[in-house]
Amino acid sequence: MNYRCAHRWTFTKWGGALNETSDELAPPAGAEVTVRVTHCGMCHSDLHIQAGGFDMGGGKLSSLERAGTALPVTMGHEIGGEVVEVGPEAQGVKVGDRVIVYPWLGCGRCPTCERGDEHLCVRAMRNLGMQLPGGYADLVRVPHAKYLVPIGTLDPARAATFACAGITAYGAITKLDPMEADDFVAVIGCGGVGMTAVALLSATRKAKVVAIDPDPAKREAALAYGAALAFDPGAPDAARTIGKACAMNIAGAVDFVGSESSSALGVNLVRRTGQVVIVGLFGGELRMPLPLFPLKSLRLTGSYVAGLNELRELVALAQRVALPQTPIELRPMAGVNQALGDLAQGRVVGRVVLQP
Ligand SMILES: [Zn+2]
Ligand SMILES: [Zn+2]
């Protein structure tokens, strides 16, 4: 039996710093696969995972420990790398393949998991980078070969970020109904994920995209990625101005902010039978007149990452369509604590991708 030595950056108490540790990794059994990590994106959620929970508003904090995440934790859920070992039953991959890893694993056996929506499993979560050791390591054990997506000639650093940031944008826009050429779809919040949604919508939908962001540079960039119109949500009477410019025909709004004001704007903007998809986790409460739901036949949907099939579709799409080249900053994984600190302080532009 050939054991490998895996080096991981883990924390052993909630809120604590990450330390380099090592352990022996047994050869993969069944359909398991070992991936040598070459890139691992650092996500804003990592700050919440490290802290042990999410702020749910009103002073309430969710607890990852109560939800089944046990210490020590090796974070990192945007994993890209190379297959180095395959279990005897692993199919469709071979040693040397360049892949990204789908990290949002459920029980793997329930009907939800079997249709590919493991991220919505109600039985058990086994996310890589939370319940299972993630990509802040040089080696990752993936429980089944089916979670690997080959990336072909895509830039591995950028492709790694598809596993969370990318499919969050993709999963949100796939919730929208088909639209016609005179329909409009609003994208509220044009940071990295929102901008990806602007590009994906412009490339794949007939409807015209209206980008909404307070930052003029982001509005400018959204127009370059295919948005037909762009507006500042802080301008006086913004909702009315935007509605008029879109001939009162906004069929859907995707809210990548998820704040009280952004969700209210989305609900106000959409026409009758419109859809509002809330993605952002800024927080707060939705307050709106309830009669709007029946009177507008309004649909309000949440969207959280996406399934394995969506990740495969996104990789295929990225090979055909120019997606936003949001800045990527490569950093050594040994500097992970510094990088997390910079992320927490807002000193990171674009995305940090760590390399072991
Ligand atoms: Zn993430
Ligand atoms: Zn399941």
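Which residues coordinate the zinc ion (ligand 1)? In this predicted model, the zinc ion (ligand 1) is held by Cys43 through SG, His77 through NE2 and Cys164 through SG, at 2.1 to 2.2 Å. Along the chain, these donors follow the spacing C-x33-H-x86-C. His77 sits in the loop between β5 (60-61) and β6 (78-86), and Cys164 sits in the loop between α3 (156-160) and α4 (165-173), so this pair ties together parts that are 87 residues apart in sequence.

Are these two residues buried or exposed? The cut-off for buried is under 20% relative accessible area. His77 has 1% relative accessibility, so His77 counts as buried. Cys164 is buried as well, because its relative accessible area is 8%.

The zinc ion (ligand 2) has its own set of protein donors: Cys107, Cys110, Cys113 and Cys121, each through SG. These atoms lie 2.3 to 2.4 Å from the zinc ion (ligand 2). The spacing of these donors along the chain is C-x2-C-x2-C-x7-C.

The geometry of this site can be read from its angles. Four donors count as tetrahedral if all angles lie between 85 and 135 degrees. The angles among the four donor atoms of the zinc ion (ligand 2) are 105 to 115 degrees, so the site is tetrahedral. For comparison, the ideal angle for four tetrahedral donors is 109.5 degrees.

Cys107 counts as buried because its relative accessibility is 9%. Cys113, at 4% relative accessibility, also counts as buried.

Technical notes: Residues are numbered from 1 along each chain as its sequence is written. Chains are lettered from A and ligands numbered from 1 in the order in which they are written. This is a predicted model: local features need pLDDT of at least 70, side-chain atom pairs count only at pLDDT 80 or more; totals for chains, interfaces and linings use all residues. Side-chain values use heavy atoms; hydrogens and water are left out. Donors are N, O and S atoms within 2.8 Å of the metal (3.2 Å for Na, K and Ca); water is not among the atoms, so sites may look incomplete. Four donors count as tetrahedral if all angles lie between 85 and 135 degrees; four count as square planar and six as octahedral if opposite donors are over 155 degrees apart and all others between 65 and 115; anything else is irregular. Buried means under 20% relative accessible area, exposed over 50%, partly exposed in between (1.4 Å probe, protein chains only). Helices (H or I, at least four residues) and strands (E, at least two) are DSSP runs, numbered from the N terminus.
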